[in-house]
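The questions below concern a predicted model.

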Amino acid sequence: MEISGSRVLLTGATGGLGRAIAKALDERGAHLLLTGRKQEALDELAAELRSAEGLAADLANRDEVDALPGRAKQVDMLVHNAALPASGRLESYSTEQIDRALDVNLRAGIVLTRALLPAMTERGGGHLVYVSSMSGKIPTVRASIYAATKYGLRGFAGGLRDDLHGTNVGVSTVFPGPIQGAGMWDDAGIELPWWVPAKSPEDVGKAVVKAIEANRPEVAVADPGQRAAAVLENVSARAGAWLRRRLPVEELADRTADAQLGKR
C-alpha cells in the first residue's frame, strides 16, 4: 500500500522505537495519528513531524482503547507498537500486573484492529502492522509474560493475514531483536554486552516501512545469529533450549527485570 497520504494510527509513539517509526513514516509522507499516555509528549513529537497529531490514550484502560478509533476518524493503517517490558519471573507479578501487560501489548492491538478493519475492507485497502519481538520467536529467560504477548501478536497477525487474503488489506509483523540507543534496554539503563549484537531504532523504522510497502508477512530486525536461532527453535525446541542455556544471559536478564520493575 502507498504510505504517502495515508492516515496511520501509531501506538506507543513517544517511546524510542515509536519515535523512529513515526519519523520513518513521516519521511514517506504519512499523516501520523500518534498515541501515548501523555498529551504533552505527543504534541512535542508531532511538532517535529510534517503532518501529525497527538491523541492521548492509556491502552491499559479498556474504555480509552474503545474510544480511540472514533477519535482517530479515518485510519488507513495501524501500527501497534505499544508495549510494556513485562520482564521478570512469573511469580513476582500480581494478577493486576499480568492483566496490564496483556492489555497493552496484545489486547489493545486486537481490539483496535477489530474496530478499524470493517472500514478498511469496505474501502478495499489498508495495512496492519504489529511490532512483536524476537522474543515472539525465541523463548528467553525471565520473559515468560512478555514472550506470551509477543508470540500472541505473531499468531494473531498470521491468522488474520490468511483471513484477509484477497481483500487488499495487508498484515505484517515486525520482530526487533536487541536494540541499543532507544527502547526498553535504554529505558532501563542497561548497556548490552559486546557479545549481544544490537540494531538501532532507525532499523525498526525502516522495517515497518518495508513491511508495508512490500506487504511482507514478517520482517526480522536482528543479526544472522538470532535469525538462525529462530529457525532452530522452529525445527527443534529441545535443541533451541539447549543452545540458549549455554549463553551467559541469566545475570543480564535479572538486572533488566530489576531495572524495569517500575514499568509494570
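Q: What percentage of the 264 residues of the protein chain count as buried?
A: In this predicted model, a residue is called buried when its relative accessible area is under 20%. Of the 264 residues of the protein chain, the share that counts as buried is 47%.

Q: How many helices and strands make up the secondary structure of the protein chain, and what is its radius of gyration?
A: The secondary structure of the protein chain comprises ten helices and seven strands. The globule rule gives 18 Å for 264 residues, and the chain comes close to that value, so it is as compact as a globular protein of that length. The radius of gyration is 18 Å.

Q: Which share of the contacts between residues at least 6 apart in sequence joins residues at least 24 apart?
A: A contact here requires heavy atoms within 4.5 Å. Among the contacts in the protein chain that link residues at least 6 apart in sequence, the share joining residues at least 24 apart is 67%.

Q: Is Asn168 buried or exposed?
A: Asn168 sits in the loop between α5 (144-163) and β6 (169-176), and its phi is near 70°, a positive value in a residue other than glycine. Because its relative accessible area is 59%, and the cut-off for exposure is over 50%, Asn168 counts as exposed.

Q: What is the relative accessibility of Asn215?
A: Asn215 belongs to the loop between α7 (201-213) and β7 (218-221), and its phi, near 50°, is likewise positive in a residue other than glycine. Asn215 counts as partly exposed, with a relative accessibility of 34%.

Conventions
Residues are numbered from 1 along each chain as its sequence is written. This is a predicted model: local features need pLDDT of at least 70, side-chain atom pairs count only at pLDDT 80 or more; totals for chains, interfaces and linings use all residues. Side-chain values use heavy atoms; hydrogens and water are left out. Helices (H or I, at least four residues) and strands (E, at least two) are DSSP runs, numbered from the N terminus. The radius of gyration is taken over C-alpha atoms; the globule rule is 2.2 Å times the number of residues to the power 0.38. Buried means under 20% relative accessible area, exposed over 50%, partly exposed in between (1.4 Å probe, protein chains only).
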